[in-house]
Amino acid sequence: MSEDSHPFERFLRDGMMPHIWCEGCGNGIILNCFVRALKDIEIDVNKVVVVSGIGCIGRLSGYTNTDSYHTTHGRAIAFATGAKLANPELKTVVISGDGDLFAIGGNHFIHAARRNVDIQVICANNFNYGMTGGQYGPTTPLKAWTTTTPYGNIEHPFNLVHLAAASGAVYVARWTTLHVRRLTESIKKVLQKEGFSFIEVITPCPEIYGRRNKMATGIEMMNWFKTAAEIRNASDPAEAEISPEKIVVGEFIDAEKPTYDHLLREMMKQVQERIRGEK
Amino acid sequence: MPLRLWRKPLDSEKIKIPEGEVHVLKDRCKGCGFCIEFCPKEVLEQSEEFNIKGVHPPQVKEETVCILCSFCEAVCPDFAIFSVKKDCKGGC
Amino acid sequence: MTETPTQYPDSEPSDGIRIGVYVCHCGLNIAGSVDCEEVAKFAAALPHVVIAKDNRYTCSDQGQELIKQDIKEHKLNRLVVASCSPRLHEPTFRRTCEEAGLNKYLFEMANIREHCSWVHLHEKGKATEKAKDLVRMAVAKATLLEPQEENVVPILRKTLVIGGGVAGIQAALDLADTGYKVYLVEKEPSIGGRMAQIDKTFPTMDCSICILAPKMSDTGRHPNIELLTNSEVEDVKGYIGNFKVQVLKKPRFVADECTACGDCSKECPVTTPNEFDIGLATRRAIYTPFAQAVPSTYIIDRDLCLNKENVITCDKCLKACEREAIDFEMKPETVELEVGTIVVATGADVYDPASLVEYGYKKFPNVITSLEFERLINAGGPSGGHLLRPSDMKIPKSVAFIQCVGSRSEKDGHLYCSNVCCMNTIKDSLLIKEHWPETRIYVFYVDIRAYGKGFEDLFKRAKKDGVLFIRGLPAEIIEDRKTNNLWLIGENTLQKELYKINPEMVILSIGIEPRQDSDVIQRLLTLSRTSDGFFMEAHPKLRPVDTPTGGVFLAGCAESPKDIKDSVTQASAASARAGILMAQGKVTVEAITPRLLAEKCQVCGLCARVCPYNAIAVDKETKRVDLIEAACAGCGTCGAECPFEALTMRHFTDEQILAQIEAATEQDADKKIVAFCCNWCSYAGADFAGVSRMQYPTNVRIIRTMCSGRVAPKFIEHTFARGVGAILVSGCHLGDCHYLNANYQTQKRIEKLWKKMERLGLDKNRLQLAWFTAAEGEKFASKIKEMQSIVDSVTLDEIEKSKVIVKRTAR
C-alpha cells in the first residue's frame with residue numbers, strides 16, 4: 001500500500017507528524033475528531049483559530065494546519081477572548097487540558113462562561129497533569145494514585161460539566177474518546193453555534209495515569225469507557241458522575257443566549273449613536 | 001416466530017454490501033491496538049513485522065469482511081490507518 | 001305493568017318473620033307424583049309460615065299476581081316457592097318479589113320437580129315425603145335470609161386490544177368507530193399479523209394484503225385508536241371496568257420523522273434472513289418488516305446492528321438519513337393505561353414440521369411449508385411471485401400437497417383440526433394452475449373440509465382444473481439426491497393400493513398452534529385454556545367470545561384456529577360485547593359476595609391464597625384485608641377456608657347452610673343422603689337427570705351452593721353429627737370449575753376429611769366425592785344408586801358412634 005495519503009493530510013501541519021503523544025494516548029483521537037469535524041462542515045480553515053495551553057494536549061495547536069496560539073499555563077481562554085474580540089469573524093476554539101483549564105485557569109473559565117464569550121472550549125480530561133509526570137489535579141478521582149498522592153487522593157474532583165453549566169455555558173457535553181462519532185457531531189455542532197460552548201472529552205492517559213491506577217494500556221482504559229459509559233442526553237449535569245462503574249456522557253445543555261461580543265458591539269453602536277445625536 | 005429461520009435466503013447472492021479496503025501507514029503506527037480491538041467485524045490483527053518504531057502495526061486478517069464503517073480511521077490517534085471503498089469492477 | 005315500589009320492609013320486622021309458601025302443581029309435572037295439597041298443608045304448620053298455598057302454574061301471570069297480592073295482604077316478608085329448578089325460574093320469582101316491593105334476595109326455591117317429582121315417578125308416598133323435606137329446608141333457609149343491595153361498578157369507556165392481526169384490527173376499528181378510545185398493543189413492529197403474509201384468500205381469491213392494508217392504515221390514522229407497536233403487555237391489575245395495564249414500549253431507535261424512504265437500509269452492512277418471508281429473503285439490521293407496514297417507521301434490530309454497548313462504530317444509516325430520524329439513545333418506556341375492557345386477539349403460531357422426520361423438512365430443500373409457499377407465490381415476496389424450488393430456483397412441473405401436518409394426530413403435533421388447511425391447499429392449487437396450467441398437482445388428504453360459504457365451489461373448481469386428490473397421507477418422503485426431486489410413498493385408501501409419486505416439490509400444510517408466549521397473557525388475565533391449548537371461552541355455545549373473567553373478551557385464532565372471515569366475525573362480536581358493558585357505563589355485581597367481619601379476622605391470608613380471582617388483597621404489614629367486590633365471582637371458597645369465621649358469604653351464609661342441613665336431617669337421618677351440589681355443574685347435572693326422567697332412590701336431599709368450594713369441612717362434620725347415612729360432595733370436573741380452580745380446594749378438604757375419618761375409625765365410604773358435568777345426568781343417578789347401597793350397609797351402631805365422635809372432635 002504505497003504512496004497512500006491519509007484523507008486528513010491537508011488539515012495537519014507539514015512535517016509535524018508523527019506527534020509526540022504516547023502509544024494509546026487519547027489526544028490523537030481528539031485531534032482526529034476535530035479535523036474530521038472541520039472537514040465535514042467544510043469550514044474555511046483560514047477562519048479557524050486554535051488556542052491551546054500547557055500540557056500534552058497543548059501540543060495540539062501545533063499539529064493543526066490553522067492559525068494557532070500555544071499560550072502560557074492557564075491563560076488559553078484569556079488569549080482566546082482577546083483574539084475573538086479583535087476579530088469576531090474567526091472561529092476561536094480552545095483545546096486544552098483539565099489542569100490547565102480548571103486549576104490555574106479556573107477563574108478564566110468561569111468568567112468567560114458567565115460572559116458567554118463566543119469561544120468553543122474542548123477539554124481533554126485525563127485526570128492528572130500528564131506532561132509533568134503525573135501529578136494530581138482538580139479532576140483526579142478520589143482515592144486515585146498519582147505521583148503527588150502516593151497514598152491515594154483525598155480530594156473530591158470537579159464535575160466539569162456541572163461547573164460549566166452552572167457558570168452559564170450555552171452548550172455542555174461530555175464524551176469519551178471511544179465515542180468518536182458522537183464527539184465529532186458535538187464538535188460540528190459547536191463550530192456552527194454561537195456562545196460559550198464546552199465539551200469535556202474523557203481521554204486515556206495509559207502511560208502516566210492509567211499505569212498507576214491498574215489500567216496500564218490504552219486498550220484497558222478504552223474498555224473501561226466502553227463498559228462504564230452511560231448516555232444520558234438532556235439530563236441534569238449535576239448528576240453526571242464519573243466513577244469506576246459509571247461514566248455519564250451525553251449532551252447536557254444546548255441553549256441560545258446573546259454572546260458577549262454581540263452585546264458589546266450593540267452597546268458600542270447605541271452609545272455612538274447617542275453621542276452623534278447629542279452633537 | 002417459532003419456525004427457526006434456517007434456509008439460505010433466495011436473494012442472498014444478489015445482495016451487495018460495499019466492501020472496504022484498509023490502508024495502513026505502517027511507520028506512523030505506535031501500536032496502541034485500538035483499531036484491532038474495536039473493529040466491529042474483526043478485520044484486523046497484529047502483524048508479525050516491525051515498523052520503524054519497533055512496534056507491530058496492524059494488518060488485514062480477512063479481506064472480504066470489511067464493511068467500510070471507517071471506525072479504525074476515526075479512532076486511530078496517529079492518523080496511521082484509513083479505509084476506502086473497494087473498486088470492484090464486477091469482481092467482488 | 002306494576003311499578004316497582006322502592007321501599008323494602010326491615011329484616012327484623014316488629015311482627016317477626018312472615019313466610020309465604022307456594023307449592024306448584026306445574027300441571028301434572030309435579031302433581032303427578034307429589035301430593036301438592038299435602039305438602040302445602042305441611043308447610044303451613046312450619047314455624048314462621050303465615051300462609052301456604054298450592055296452585056297449578058305458579059310461574060304464570062296469574063300465579064305471580066296471586067303471590068303479589070298475598071305479599072301485600074298478609075304482609076309477607078319472605079317467599080318460598082316449591083316448584084322447578086331455581087336455575088330456570090329464580091329470576092322470574094325474584095322479579096315478582098321486586099314488583100311487590102319485596103327485596104329480591106328474600107326469596108328461596110325448593111326444587112320439587114327436577115329433583116323430586118320427575119325422578120321418583122312411581123313412588124308417590126316417598127316423593128311427597130321428600131318434597132316436604134325440601135320445603136322444610138327452603139323454609140329454614142328463608143327464615144335466615146337478609147335483604148341485600150347489589151353493588152354498582154363503573155366501567156371506563158376505554159378498551160385495550162392485545163394483538164394487531166386482522167382480529168385485533170377489526171375489534172379496534174369497531175370499538176373506535178363506536179366512539180370508545182382504543183389502545184392497540186402489538187408485539188411486532190407492525191400490525192397485520194398472519195394475514196399480511198398470505199397471498200390470496202379463499203374462497204374469493206382476493207389479494208390478502210390489498211384488503212388488509214386499507215384497514216391497517218385506517219387503524220393507524222383513526223383518532224380514537226392509539227397504536228402501540230413493538231410493545232408488550234407486562235402487567236394487568238384490577239377488575240372489570242377498571243383495569244390498570246402496564247405496557248412496555250420497546251425502542252425502535254428510529255423516530256417518527258422517518259418517511260420510510262429506505263435510504264438507510266440500502267447502506268446497512270448487516271444482512272440476515274427476514275422473519276416476514278420465513279427466511280426466504282434477506283433484510284438489514286435497520287429495516288421495515290414489509291412494504292405496507294403500519295406504522296411505516298423503520299426499526300433497528302440492535303442484536304444485529306454493529307453498534308454495541310453505546311459505541312457507534314458504524315454510522316452508515318445515520319449518515320444516510322436525511323431526516324436525521326435515527327436515534328441510538330432511545331430508551332424503553334413503560335406506560336400505564338387505564339381501561340374498562342380488554343380484547344385478547346393474540347393470534348396463533350404455526351406448527352414446525354421438523355419433528356416429523358419422515359417428511360424430511362429441513363433435510364430436503366424442496367419440501368416447504370404452506371406459509372413458505374404463501375411467500376413464494378406472493379408477487380411482493382422473495383421470488384417475485386414465481387414458485388421456485390429452493391434447490392435450483394426452477395419452477396416445478398409437478399407439486400404435491402400433504403394435508404393435516406401437525407393436526408388431527410395423536411402422536412405428531414395436535415389432536416384438533418386446524419380448520420383452514422384444506423381450503424388453503426385448494427386455493428394454493430388453483431393459484432398454481434392459474435399461473436402454470438401444465439403443472440401436475442397432487443393433494444394427499446384424509447378428509448377435505450370445505451364447509452363454509454363458497455368453499456365447496458372452490459373445491460369443485462380445483463377438481464375440474466385437474467388437481468388430483470388422493471386419500472392417504474404419504475408414510476415417507478425420499479429425496480432423489482441428483483435432481484432434488486422427491487418420492488412420496490403411501491397408500492391410496494380409496495383404491496386400496498400403494499402409490500409412489502415423484503413430484504418436484506412438496507408443500508406441507510402445517511397446522512395452527514396456540515402462541516407459545518400467551519402464557520403471560522393467560523396468567524395476567526386469569527384466563528383458562530382448553531385441552532388444545534387455546535384460550536377458553538365462557539360458554540362454547542352461548543358466550544363464545546366472553547371469557548370467564550369479566551370484561552375480557554376473545555377474538556380470532558387466540559380462541560381456536562379459524563379463517564379470516566371467522567376471525568373478523570368474532571372480532572366484531574367481541575367488540576359488540578365489550579361495547580355492551582361500556583355503553584351501560586356500569587355493571588351490577590350479584591349480591592353473593594363475601595363480607596368481612598373485621599373483629600374476627602386474624603389477617604392470616606388463607607382466603608387470599610385460595611381465591612381464584614385474586615379478589616382479596618391482604619396486607620400483613622398494615623393488617624388490611626380488602627375485598628375487591630368487582631373481581632369477586634361469589635364462589636365462596638374463601639368463606640369455607642377461613643378458620644376464624646371472619647367471612648360471611650352473603651345469601652349462602654354458614655347459618656343458612658347449617659339450617660338446611662338440620663332441616664334435611666330432622667327425620668330418619670340415618671336413611672338419608674345429603675348431597676352438596678354446585679350450581680353450575682352438579683346441580684345442573686341433577687336437573688338434567690330430572691329432565692331426562694332418570695329414576696333413582698328417594699332418600700337424597702340436595703343442598704345448593706354456588707361452588708363446591710363453598711362446602712366447608714364443618715358442614716360435613718355437622719351433617720355426620722346429625723346422624724346422616726352418607727354425604728355426597730359434588731362439583732364440576734377438575735380443570736373445568738366454573739370458578740377456574742376452586743374445586744381443587746374441595747378436593748383437598750375432602751381428602752383431609754377422609755384421613756381424619758380413618759384416624760377416628762369411621763367408615764370413610766360414607767363421604768363421597770364426585771365430579772359431574774351438566775350433561776352427566778345418568779352419572780348422577782347411578783351415583784345416588786351406588787350410595788344407596790352404602791346407606792343400606794351402614795349400621796345404626798356406626799351412626800351413633802360417629803355422632804358421638806364427631807361432636808367431640810368438631811371445631
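The side chains of Glu230(A) and Arg232(A) meet in a salt bridge, 2.8 Å from N to O; the term covers a side-chain nitrogen of Lys or Arg within 4 Å of a carboxyl oxygen of Asp or Glu. This is a predicted model, where local features need pLDDT of at least 70 and side-chain atom pairs count only at pLDDT 80 or more, while totals for chains, interfaces and linings use all residues. Residues are numbered from 1 along each chain as its sequence is written, chains are lettered from A in the order in which they are written, and side-chain values use heavy atoms, with hydrogens and water left out. Over all chains, the count comes to 74 salt bridges.

- Glu230(A) counts as partly exposed because its relative accessibility is 28%; buried means under 20% relative accessible area, exposed over 50%, and partly exposed in between (1.4 Å probe, protein chains only).
- Arg232(A), at 21% relative accessibility, is partly exposed too.

**Salt bridges in chain C**
- Arg283(C) pairs with Asp301(C) in a salt bridge whose closest N and O atoms are 3.0 Å apart.
- Arg283(C) lies in strand β14 and Asp301(C) in the loop between β16 and α9, so the pair ties together parts that are 18 residues apart in sequence; strands (E, at least two residues) and helices (H or I, at least four) are DSSP runs, numbered from the N terminus.
- Arg283(C) is buried at 6% relative accessible area, and Asp301(C) is buried at 17%.
- Another salt bridge joins Arg710(C) and Asp654(C), 2.6 Å from N to O.
- That pair links distant parts of the chain, 56 residues apart, with Arg710(C) in the loop between β36 and α19 and Asp654(C) in helix α17.
- Arg710(C) and Asp654(C) are both buried.

**Where chains B and C meet**
- In contact here are 21 residues of chain B and 39 residues of chain C, contact being heavy atoms within 4.5 Å.
- The two chains bury about 2,700 Å² between them, 65% of it on carbon and sulfur atoms; buried area is the accessible area (1.4 Å probe) that two parts lose on being put together, summed over both.
- Between chain B and chain C the count is 1 salt bridge, formed by Glu372(C) and Arg7(B) at 3.0 Å, N to O.

**Helix α11 of chain C**
- Helix α11 covers residues 421-435, and its end C-alpha atoms are 21 Å apart, which agrees with the span that its 15 residues should have at 1.5 Å a residue; the expected span is 1.5 Å times one less than the number of residues.
- α11(C) is mostly covered, with 13 of its 15 residues buried.
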